[in-house]
Amino acid sequence: TGLWAWILVGVVALLLMGLVARQLGKRSRHPPALDAPRASTAPAADGIHRVLVIADESVTSEAFRDTITAHAAGRPIEAYVVAPALSSKLARWTGDESAYRDAQEHLDATVASLSVAGITARGEIGPHDPLQAADDGLREFAANELVFATHPEDSSNWLEEGVVDRARREALADD
């Protein structure tokens, strides 16, 4: 009975591991938003243009700063940057912290670049999912504008996965 008991234990363990793997595979790419309230239903009417930036890399170009400034139409600008900690499922599962170090570097460089242009900026490291990062950012910062700063179209996973289009649909559904 000793050998059969070990075989039975092994089969049960394999079945449990299969169920866990199946449940992990069923998780959606974009988890449902939590019921936590957002920072505000609308940005304050104080004349400040508030921009939430979700950046998958350091955004330091003059063209980016000029675009933000142009959208503000002469109003003072306040920016909140969320730098998602982008990593593979394996890296997240094993606790690899390099994605957080990279995200912190992207965040620091982007905030510094915006500050050089006279834009009041601050931010945080966010979750790997850009839509969840945007949702979390909106809980902290009531924005007039949401900007996804990503790689060019030919090399952007976010554009390839339809992140910006999904964000637009969700924003329209909220209105």
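This is a predicted model: local features need pLDDT of at least 70, side-chain atom pairs count only at pLDDT 80 or more; totals for chains, interfaces and linings use all residues.
User: How should I read an aromatic pair, and how many does a search of the whole structure find?

Analyst: A pair of aromatic rings is described by the distance of the centres and the angle of the planes. Here the search of the whole structure finds one such pair. The ring centres of Tyr-80 and Phe-141 are 5.4 Å apart and their planes stand at 15 degrees, so the pair is stacked. It links distant parts of the chain, since Tyr-80 belongs to strand S2 (residues 77–84), whereas Phe-141 sits in the loop between helix H5 (130–140) and strand S4 (145–149), 61 residues apart.

User: How many salt bridges does the structure hold, and where are they?

Analyst: A salt bridge is read from a side-chain nitrogen of Lys or Arg within 4 Å of a carboxyl oxygen of Asp or Glu, and the structure holds two. One joins the side chains of Arg-139 and Asp-135 at 2.5 Å, N to O; these residues both lie in helix H5, four residues apart, about one turn of the helix. Arg-139 counts as buried because its relative accessibility is 16%, and Asp-135 counts as buried at 6%. The other is formed by Asp-46 with Arg-50, whose closest N and O atoms are 2.8 Å apart; Asp-46 counts as partly exposed at 42% relative accessibility, while Arg-50, at 11%, counts as buried.

User: Which residues does Ser-113 contact beyond its neighbours within four places in sequence?

Analyst: Ser-113, which is placed in helix H4 (residues 98–116), is buried, with a relative accessible area of 7%. Leaving those neighbours aside, Ser-113 is in contact with Val-59, Thr-60 and Arg-65. With Arg-65, the side chain of Ser-113 makes a polar contact to the side chain at 2.7 Å, and the C-alpha atoms of these two residues, 48 residues apart along the chain, are separated by 8.0 Å.

User: Which residues form a nonpolar patch on the surface?

Analyst: Leu-3, Trp-4, Ile-7, Val-11 and Leu-15 form that patch, with about 570 Å² of accessible area together. Leu-3, in helix H1 (residues 2–26), is exposed, with a relative accessible area of 61%.

Conventions
Residues are numbered from 1 along each chain as its sequence is written. Side-chain values use heavy atoms; hydrogens and water are left out. Helices (H or I, at least four residues) and strands (E, at least two) are DSSP runs, numbered from the N terminus. Buried means under 20% relative accessible area, exposed over 50%, partly exposed in between (1.4 Å probe, protein chains only). Contact means heavy atoms within 4.5 Å. A polar contact is a pair of N or O atoms within 3.5 Å; within protein, one must be able to donate a hydrogen and the other to accept it, and residues adjacent in sequence count only if both atoms are side-chain atoms. Rings of Phe, Tyr and Trp (its six-membered ring) pair if their centres lie within 6.5 Å; planes under 30 degrees apart count as stacked, over 60 as edge-to-face and the rest as tilted. Patches are made of residues with over 30% relative accessible area and no salt bridge: like charges are joined within 9 Å, nonpolar side chains (Val, Leu, Ile, Met, Phe, Trp, Tyr) within 5 Å. Accessible areas come from the Shrake-Rupley method with a 1.4 Å probe; for residues, only the protein chains shown count as cover.
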